[in-house]
Amino acid sequence: MYPQVLLKNRKKDRILSLEEYREMGGYKALHDALTDESFHPRQIQELLLDAGLLGRGGAAFPTGIKMKTVPDDAPHPRYLVCNADEMEPGTFKDRVLILTSPHQLIEGMILAAYAIDAEIAIIFIRREYETAARALEQEIGRAREAGYIGKNLFDSEFDCDIIVHRSAGRYICGEGTALLNALEGKRANPRKPPPYPTVKGLWQLPTEVQNVETLCCIPHVLKNGVDWFKTLAVSKTGAGTKVFSVSGKVNRPGCYELPMGVKLSEIIEDYAGGMLPGSRFKACMPGGASTQFLPESMYHARMDFDDLKNAGFRLGTGAVMVFDHKTCLVEATANLMVFFARESCGWCTPCREGLPYILDLLNRIEAGEGEVEFIPMIRQMCSHMNYSYCAFAPGAAAPVESLLTYFEGEVMAHIENRGCPFKIGKVN
Amino acid sequence: MPKLIIDNREIEVPEGIKVIEAADRAGIYIPRFCYYAELGAVGACRICAVKFVDGPVKGIEMSCMINAQDGMVVSTTDPEARDFRRHVIEWLMMNHPHDCPVCDEGGHCLLQDLTESCDHGIRRYKGKKRTYVDQYLGPLIQHEENRCIQCYRCSRYYQEFAGYKDLGVMGIAQRIYFGRYAAGVLESPFSGNIIDLCPTGVYTDKPSRYTGRRWDYERVPGICINCSLGCHITVSARYREIVYLEGRYSGKVNGSFICDRGRYGFFYANLEERPRQGRVRGEDVPSGRAITMAAQRVKEVSESHGAAAIAVIGSGRSSLETIAALTHVCKVQGWRGPVLFDSRVSSESVRTAVSCIAQELAVSMKEIESADFILTVGADPINEAPMLAMAMRQAWRKGAGVAAIDCRSLDWPFQFEQVTAAPDDMADFLAALENSETTVISDRFVAQIKSIAAKIRACHRPVVVCGTEITDSKIIYGAAGFVKAMRQAGQEAGLFYTLPAANSYGAALLDEIGETAEDLIERIESGEIKALVIVESDLWDTFSDRQRLIQALEQLELLVVADFMATEILHRADIIIPTLSIFEAGGIYVNQEGRAQWSPPAYAGGTPIKITGQGGHPPRIIRPDIPAGDISPAWRMAWWLADRQPPASHDLLLDWMGKTFPVLEKAANFTSEGIRLYLPEARRKTARETGGRKIQSLGEYLLLPVAAVFGDEPMAQRSPCLEGYAKHPEMWMAASDARLFDASDGDAARLQLPYGPLELTLRLSERIAPGTLIVYRCPDLFWQQFARSSRFIVPKDRIRIEKKA
């Protein structure tokens, strides 16, 4: 059993109360940071940078660097936005994190806000997470009463309030810049940086957007130190733990906090209870629907941002979706594409029109109407997604591209047999 | 100034412009759908992809999203970029219907052109096309959403540029829909621009639906004469009628866009009722014969009563050529006139404004977009000069403050601060702003005036916009004085007047006397004037005392009316002479900033084939000439009426104008952007106090008719498609006054006026000046009876309020 950090206090059916959180050492990091006069908020940025904390929302951008891009003389108010619009298919770690310990997130947010001197913190939460939103609202109230949120925190000059905002309910709202437009009451179309949100974000003011899991890590880094955080990982370059959302053809799907760099095989066999009886591992998505399929050859790969990146894959959100040998990956990919084609914001042409086009071709292949020339067409269209407006379309193309790279035979079998081999019983 | 290479051509461009614009400057066309210079670059359509071969940016990028930088090497013809663009077209054509043969955009469709030029020919997509339900958007614009390629131009224009909210984008992904939340008439008076903007056939011109292809039309650059701004338009004509008008780019006047009044205000030229032949005492005669007979009768009157017994009336809707010809003929013949203004007040106001405007003070409408503060005094752009409101909005979008001194409840598509002042008080407010002298104004305005004054002082490029309709010459002088004072204080202040008609400025340039119709009526009554020649003017529509007008006309021995519209006064004429409209004769019009602009003829004239063919198709009436092709422009007619020979050609006419009128010296050689004409110093009026202030006493109300965008412009009023756009008769009252009547919004107001009762819907606003009653002019209302030839004061006991049920 690896050390548990973020999910250490996970209770069955209830959240960790404020008192319990305090007993476990909660809000100590915040107290120390705000009361230690020799401690400058900028040091939080340095600590997080040294700790190697990478954004857990999927892009793995170093948290410390993002904070440093808020200019010293930037105008006020500044905003910290917690992105809890968790809509990446297969991902459910943020919900578990909030419902485990809302105060862990609240403390992380106040600390992150302190690091950039932001006076308004906003939790942008997926509207399906109503239970979590209510829990947060309730616990924010308690934290405010206890003096962790509000004016002159711990008698310092620092003010910070937290607002819970329910999302407009579309996948694209989780994209950092589209999220800001949604908060402003506009259509959730992404913005094209520069300027980056840390310079001109919400209402054109400096805004830092961070994922729930990233923010949850911050109190622990401050409390236990940079070296401790680094040693949590088992890969060379990784740091900290990672909360994996495991789903698919495994015996025990669920949320598991494991060291950064844990092997995929270990997650599946030791924690998710192995493959279902009669199922063999065929492939998995390592980090949600917008990552490439990991083929069987990657079964023992280390689940770390750098390791997977170097092998040509992405860890994404760490949402491990496991497919077995009886699953048709053409159908599975088409299923993902239904989601992406539906959730495109409709702003740019490649994404709005290209994804439904790819979906149509995949559906035709699956239905036995596929032609050999569809494969280069799909490949070319996937590569054209790189010229779309934001990262949505390249993400949507990732599973399709990896399907054609690692499972071209399966796709060809559909075309040659004029139908899905899994449906007409040619493969067992 | 960055230097870059596009397609092997080295160009130097200003800092901060996008690569697509840099290419435009070099004459290299990069495909675009979402990009439109005046709407900016947003990177949505991805069709402007080019290859950055070398320099600070590498690879395929959108040329509308990258600033032109030093050392860039760009290829628009790179195979990779071309291949991508071909795929973008393929994507856009996945759902676009192949209905080009029945689509009005066909032939000038950007999507059609780029589909061809980007080499997309064969449809590979095997799926179904998505379809939408179209919406009724009113009588001007046809909606066909299936054709949409989601370039977002319409919603960005409508909401961001123009500032209206009732058309926009809904839904996401492939379910995106551009339209209104529910079907209905578009609310913006600038809605027609989405027709010009749409790169395909989603929005097409409704009145001209299915009439032809772009290449069928005679297309000519023109000038709009539906208000004093002189916006640039493109005129399309076919089969002897005007088909539609579009906005035409002008870097000095209107930019790319025009208002709906201008776009649809041309139908007077096509109407069947329009005079197309001469008429003498009820009998149709050829146009030339009518002129000869009129000349004969005028000569007779002149012989029996003297030349001074003949008077001529013209107007600001005539071309500068016509006004010049009339002025000349009156002078050499000894006739009275030409009278070019309706009333003493408007004559005084317009001539004062033209006298105040000078080279160094005047700003063009386009320059208003870069003002950092705009103060309006007695001006309501949206109703008086609509595109001015758009220019002001662009300044506001860039951060300019806007303040208005006015007695009306102004409703503009941007934020502004209003100082609610009665017409008599506006001059004091203006003075208070200029010299912080606040003793003359009511205490409750002092703080507001001081705050506006501080804002104006703090900015670099303030512009004062001053109306000439509800203001007097004191205010008009005051506006110029304020601008001069600011310029002396080092600010780059600008002055902008709005005038009542397209050529009011031209009329004021040539009119040295400033006589008005009222003066003439007096002389008819006294028997001095025996013959009246009315050219392109309608006393019936402009003279307030109709009873007096009728009696005066009866006293005349001869009434000659020459016009291109079937005006009311035309039906009372002894001799009718048809004239040519701007579309057939062309003409120079001098806009309110003094910019003389030439609008060439768009077609040769004649009765539209739709009328001569009597609905038959194809029209089979064969004749050797053009029906009603013998009509002369009014300027020629002017000479013939005096039995003199006009200059033989338009060029000779221009030469003659320059020689005869020193102020028009430059008129003959101007560019496409026109030339600015100003009164010489010697002819400028000097400031003088207008008569004592006429403060009405308590319990009296000043009834003030004001302009309405679709209500009172004599030409646009005749467009059948604009009929539903005129306001219903309404009377606006200050909310504080309404309490005295125990009246509420929506009640019926009944006014007992000398000509009988007037029924109006009562509207209330906090922003109406107390003691003022505002009535927007509309065709359903005999507003002429209280026109501002005299101040129309209504005692309280003549106003009855009936509660709404």
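## Chain B overall

How many of the 805 residues of chain B count as buried? The share is 63%, where buried means under 20% relative accessible area, exposed means over 50%, and partly exposed lies in between, with a 1.4 Å probe and protein chains only. The model is predicted: local features need pLDDT of at least 70, side-chain atom pairs count only at pLDDT 80 or more, and totals for chains, interfaces and linings use all residues. Residues are numbered from 1 along each chain as its sequence is written, chains are lettered from A and ligands numbered from 1 in the order in which they are written, and side-chain values use heavy atoms, with hydrogens and water left out.

Chain B holds 24 helices and 34 strands. These are DSSP runs numbered from the N terminus: helices are H or I with at least four residues, strands are E with at least two. The radius of gyration of chain B is 28 Å, close to the 28 Å from the globule rule for 805 residues, so chain B is as compact as a globular protein of that length. The radius is taken over C-alpha atoms, and the rule is 2.2 Å times the number of residues to the power 0.38. Along the principal axes, the C-alpha atoms fill a box of roughly 85 × 75 × 60 Å.

## Domains of chain B

The domain assignment, which is automatic or from a database, gives domain 1 (3–92), domain 2 (278–340 + 511–591 + 630–646), domain 3 (348–503) and domain 4 (700–802). The C-alpha centres of domain 1 and domain 4 of chain B lie 55 Å apart.

## Helix H13 of chain B

Helix H13 spans residues 426–435 of chain B. Of its 10 residues, 7 are buried, so the helix is largely enclosed by the rest of the structure. Among the buried ones are B:Met426, B:Phe429, B:Leu430 and B:Leu433. B:Asp428 is buried too.

What covers them? The cover includes strands E17 (373–377), E18 (401–406) and E19 (417–420) of chain B. It also includes helices H14 (443–457) and H15 (473–488) of chain B. After H13(B) comes B:Ser436, with a positive phi near 55°.

## Chain A overall

Chain A has 17 helices and 11 strands. Its radius of gyration is 22 Å, which agrees with the value near 22 Å for a compact globule of 428 residues. The C-alpha trace spans about 75 × 45 × 35 Å along its principal axes. Buried residues make up 63% of chain A.

Contacts are heavy atoms within 4.5 Å. In chain A, 71% of contacts between residues at least 6 apart in sequence join residues at least 24 apart.

Most residues other than glycine have a negative phi, and most peptide bonds are trans. Two cis bonds can be located here. The bond from A:Pro194 to A:Pro195 is cis, with omega near 0°. A:Pro195 sits in the loop between helix H8 (176–183) and strand E4 (207–211) of chain A. The bond from B:Gly337 to B:Pro338 is also cis, with omega near 0°. B:Pro338 lies in strand E16 (residues 336–339) of chain B.

Positive phi also turns up outside glycine. A:Asp13 has a phi of about 70°, in the segment before helix H1 (18–23) of chain A. A:Asp13 is exposed, at 74% relative accessible area. B:Ala628 has a phi of about 55°, in the loop between helices H21 (609–612) and H22 (634–641) of chain B. B:Ala628 is buried, at 17% relative accessibility.
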